[in-house]
Amino acid sequence: MSRVGLALLALAITACTTPLQRGQRLYRDGDRLGALEVWRAAPEDSSEYPAIVARVAVVEEEFDQLVLRYKKRARYFETNGRLAESILNYRLALKLQPNDIETLDHVQGLARDLAQRKARLKGTYRAAMLERDLPGARRDLGRLRGLDPFDPELETDQRQLNAALRAEISRLLAAGRLGFSMGNYAAAERAFHEVLELAPANESALGHLSYIAVTRRESAAVGEAPFDAGTLATVSEIRAEGFYQNGLAAERGGELYAAIRYYLLALDANPEHSQSRQHLTRVREHLSSEVDALIEAGRNQFRNEDLQQALDLWRRALLIDPENARTQAYVSRAERQLQNLEQLRSEPDVAVKEE
């Protein structure tokens, strides 16, 4: 059929449907505003008018509830300093109530505040990069991401910082490994400790330092000079030992979920690392009673439409019980909904009024 024919057919179908039916079709397609416009334009002498009035009341109530939910989320994000996410939710409320001047003014104030904070932090980030203060630059970029995780410019900054960190860490690791392989453990330790200043959880530095410590203890016990530990450990074994040391530190600090993650990484690097397996089993058994509470807490966050918080809670439950089918289903559903938000996040921000 030609395009003209399709257009005529569409017109014919539209002509044959009533305002109630047209509005219902728009409503089913997710266009609530369009549905209301069609229903409100219906003549009062129409036989469908009472049914239309009833549908308008229902949809207007839905709008009010949606607005309340969006504003509640916006206030939550604003309180926690997540300004870009707060603005996004206020914008969603404004789409439903475009004449809400008070909310519009508040959003515009938030937008100005966000712009000013970002400008200050970007200035300190640039200065830190110029001075090669990589820890400081990383701190500033983390704060920027907290303010506005949707800013595409931050991806460029993150790549720049990551490249600088990788280069410096690689240089220090190479120096440390050279000292380690030559038995110059003092030089190796200095280099590996510098690595940990830039990357406190670097498993290679931690693993090497652990092997050096063990070598010195064993050599001291038999009254001999330190032997060449570099000939006794593979790269995978050293990495596994580093992850294990991270896990122990997390466990000592009460960060049991982080400990589980590190023990899993250790076993992925070296499945024969028995100490990691023992600690993993012990921590999971200790946390097993928390699975149901984590699932329910995630459900509450999901009902409050904080999808990221819900995911974090459910992923914790999976760390304890990775085969839990119920939690797996919740995670899959929340991840799909987060993906659907990408289109909204790409829309332009609310314009800021001129002072």
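The largest nonpolar core of this predicted model has 40 residues, and the ones with the most contacts inside it are Met129, Leu134, Leu161 and Ile169. Which elements give two or more residues to this core? They are helix 5, helix 6 (101–130), helix 7 (134–147), helix 8 (153–181), helix 9 (185–198) and helix 10 (203–222). Leaving aside residues up to four places away in sequence, Leu134 touches Met129, Leu161, Ala164, Leu165, Glu168 and Leu198. As a general background, nonpolar side chains tend to be buried together in soluble globular proteins.

Now take a step back to the whole chain. The protein has 17 helices and 0 strands. Of its 355 residues, 40% count as buried. Among contacts with a separation of 6 or more, 56% come from residues 24 or more positions apart.

Helix 11 (residues 235–252) and helix 12 (residues 256–269) pack with their axes 8 Å apart, at an angle of about 170 degrees. Because roughly antiparallel covers angles over 145 degrees, helix 11 is roughly antiparallel to helix 12. On the helix 11 side, the residues that meet helix 12 include Ala240, Phe243, Tyr244, Leu248 and Ala250. On the helix 12 side, Leu256, Ala259, Tyr262, Tyr263 and Ala266 are among the residues in contact. What kinds of residues make up the contact of helix 11 with helix 12? They divide into 13 nonpolar, 3 polar and 2 charged.

Next come the aromatic rings, of which the structure holds 5 pairs.

Another tilted pair is made by Phe302 and Trp314, whose rings have their centres 5.9 Å apart and their planes at 40 degrees. Phe302 lies in helix 14 (residues 291–303) and Trp314 in helix 15 (residues 307–320), so this pair ties together parts that are 12 residues apart in sequence. Phe302 counts as buried at 16% relative accessibility, and Trp314 counts as buried at 1%. These two residues also belong to a group: Phe302, Trp314 and Tyr330 form one aromatic cluster.

Our last stop is a charged residue, Arg82. Where in the chain does Arg82 have its place? It is in the loop between helix 4 (49–79) and helix 5 (83–96). Buried means under 20% relative accessible area, and Arg82 is buried because its value is 19%. Not counting residues up to four places away in sequence, Arg82 touches Tyr76, Phe77, Gly146, Leu147 and Asp306.

Methods:
Residues are numbered from 1 along each chain as its sequence is written. This is a predicted model: local features need pLDDT of at least 70, side-chain atom pairs count only at pLDDT 80 or more; totals for chains, interfaces and linings use all residues. Side-chain values use heavy atoms; hydrogens and water are left out. Axes are lines fitted to C-alpha atoms, for helices over the stretch in contact, and angles run from 0 to 180 degrees between N-to-C directions. Helices (H or I, at least four residues) and strands (E, at least two) are DSSP runs, numbered from the N terminus. Angles under 35 degrees count as roughly parallel, over 145 as roughly antiparallel, 65 to 115 as roughly perpendicular and the rest as oblique. Contact means heavy atoms within 4.5 Å. Rings of Phe, Tyr and Trp (its six-membered ring) pair if their centres lie within 6.5 Å; planes under 30 degrees apart count as stacked, over 60 as edge-to-face and the rest as tilted. Buried means under 20% relative accessible area, exposed over 50%, partly exposed in between (1.4 Å probe, protein chains only). A nonpolar core is a set of buried Ala, Val, Leu, Ile, Met, Phe, Trp, Tyr and Cys residues joined through side-chain atoms within 4.5 Å.
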